[in-house]
Amino acid sequence: MKVAALIILGCLVWEGIAKPGFPEQEKDPDFWKEWAQRTLKNALTLQDLNKNVAKNIILFLGDGMGIPTVTAARILKGQLNGQNGEETQLEMDKFPYVALSKTYNTNAQVPDSAGTATAYLCGVKANEGTVGVNAAAVKSQCNTTRGNEVTSILKWAKDAGKSVGIVTTTRVNHATPSAAYAHCVDRDWYSDGEMPDEALQSGCKDLARQLFENIPDIDVIMGGGRKYMYPRNTPDVEYPGDKKHNGTRKDGRNLVREWTDRMKDKKGSYVWNKKDLVSLNPKNVDYLLGLFEPGDLPYELERNKETDPSLTEMVDMAIKILRKNERGFYLLVEGGRIDHGHHDGKAKLALHEAVEMDRAITRAGLLTSIYDTLSVVTADHSHVFSFGGYTHRGNPIFGLAPTMSDIDQKPFTSILYGNGPGFKLVNGARENVSAVDYNQNNYQAQAAVPLKMETHGGEDVAIFSKGPMAHLLHGVQEQHYIPHVMAYAACIGQNKNHCRTSSGSPSLSNISPTLALLLSVKWLLC
Ligand SMILES: [Zn+2]
């Protein structure tokens, strides 16, 4: 108890220094030295490596969450709490191990979300635009699919008897989640209604169909994408008067009804709104299909809190269902719309998505233990998003740099994009941002080059990890290394020789449950 009390006290002191303004104690060198010594003491405990078998494995994927996005989201989180922001810790910042991930696709220096998803889910780098197939498959060429399929860690986990789940804020057949279950040469083949006749005639299957057919008993599926599950012209349950949300399937199948029929005797529940989701008792649900929108879910900043669940609420229910399996679970959580906000040049939407994903990471941490759960947070790729301009400590993250441009004598926002829709000329010159409301949700930050959609960035992204074998995610790594580590830690997939001792029991752990609990408490409190 004494140790716990000290930890709590330590956390309170830490929180106390993170108030707005320039804290007086920061002028005292001892303040920094003592802080560093506390951090060092914490780091020294990591010499006892956690070599437990990971019963549970969770991957949090921030789509487009490059390192500038992580830093800016951290500052935003702090400022939302009335702090300066720079000294704030995101939940992912508390993970003890960090590595860099090289994100290029086999055929692209700056990658897309499909080829990268194949890397961090299937363990194999691939071409951009393709999911669940190796680099011998050619984008959009149906006849290059067969023989080039690669399976994902979600399937390896399912085959090992674990429960598996997918939770995303995009449509459930979007690039990121689809690499977990599909083998498709084109990430845009959401339903057969989006596929060319030639591909259908050659026997290629759409992504929505593959979601239910390839791994038929995925235990938890939550996100958007209802319209791809229903026959063409079927009105949507939530927006029956709006034709653009009608079903898209040409084959006349109703994939939701097929799923509910199949799950009738298996404690399966289908929900399409928040009320029905939160009223579920996870004890009575073994399989959950939640489709909350015809397409992607709304941005967190625009979400209707009565009708649409947050990512955190979905993750909460997913873990409560999945953890009932005594053999553990694999869960893929995607903060999928960080990417969309950036593509639109709307940094405020993107950063609030990142903060929400961090909340979901906090919730998952409360529901699991580092003793038996390996949690990994990473991104598929970055964006050409940046913030700078010699802003002062505590400067509002969406605010202006403190000086005018010394070329055109106009102010500029700290956040800028290398390219995108925010490029704007007024009378042949750069727009004066002080004449517009750069704080509104839909403000498009200025970009150097005009493009309808801002592009991905090519630099490395971070990998944060905690739990069993988290230390293996270290250094600068290729992106496809990630699922190999997660599988190794969980004793699933291709590399299991280390998993059994001569007695046949799981390998011995080097970290005690008590120490794990204490570390968990510290991470939760700080
Ligand atoms: Zn993108």
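Asn105 lies in the loop between strand S2 (97–102) and helix H4 (113–122), where helices (H or I, at least four residues) and strands (E, at least two) are DSSP runs numbered from the N terminus. The structure is a predicted model, in which local features need pLDDT of at least 70 and side-chain atom pairs count only at pLDDT 80 or more, while totals for chains, interfaces and linings use all residues. Residues are numbered from 1 along each chain as its sequence is written, and side-chain values use heavy atoms, with hydrogens and water left out.

**Surroundings of Asn105**

- Asn105 is buried, with a relative accessible area of 2%; buried means under 20% relative accessible area, exposed means over 50%, and partly exposed is in between (1.4 Å probe, protein chains only).
- A polar atom of the Asn105 side chain lies 3.1 Å from the backbone nitrogen of Asp112.
- When its neighbours within four places in sequence are left aside, Asn105 is in contact (heavy atoms within 4.5 Å) with residues including Pro111, Asp112, Gly115 and Thr116.

**Zinc site**

- The zinc ion is coordinated by Asp339 (OD), Asp339 (OD), His343 (NE2) and His456 (NE2), at 2.0 to 2.4 Å; donors are N, O and S atoms within 2.8 Å of the metal (3.2 Å for Na, K and Ca), and because water is not among the atoms, sites may look incomplete.
- Asp339 and His343 are separated by about one helical turn, because they are 4 residues apart in helix H12 (residues 338–343).
- Asp339 is buried at a relative accessible area of 4%, and His343 is also buried, at 10%.

**Aromatic rings**

- There are 5 aromatic pairs, counted when the ring centres of Phe, Tyr and Trp (its six-membered ring) lie within 6.5 Å, with planes under 30 degrees apart called stacked, over 60 edge-to-face and the rest tilted.
- Phe31 and Trp32 form an edge-to-face pair, 4.8 Å centre to centre with 85° between the planes; Phe31 counts as buried at 11% relative accessibility, whereas Trp32 is partly exposed at 39%.
- The pair of Tyr190 and Tyr228 is tilted, because the ring centres are 5.1 Å apart and the planes stand at 35°.
- This pair links distant parts of the chain, with Tyr190 and Tyr228 38 residues apart, and both residues are buried.
- The charged end of Arg171 sits over the ring of Tyr190, 4.8 Å from its centre, a description that requires NZ of Lys or CZ of Arg to be within 6 Å of the ring centre and within 35 degrees of the ring normal.

Terms used
Polar contact = N/O pair within 3.5 Å; in protein donor to acceptor, adjacent residues only side chain to side chain.
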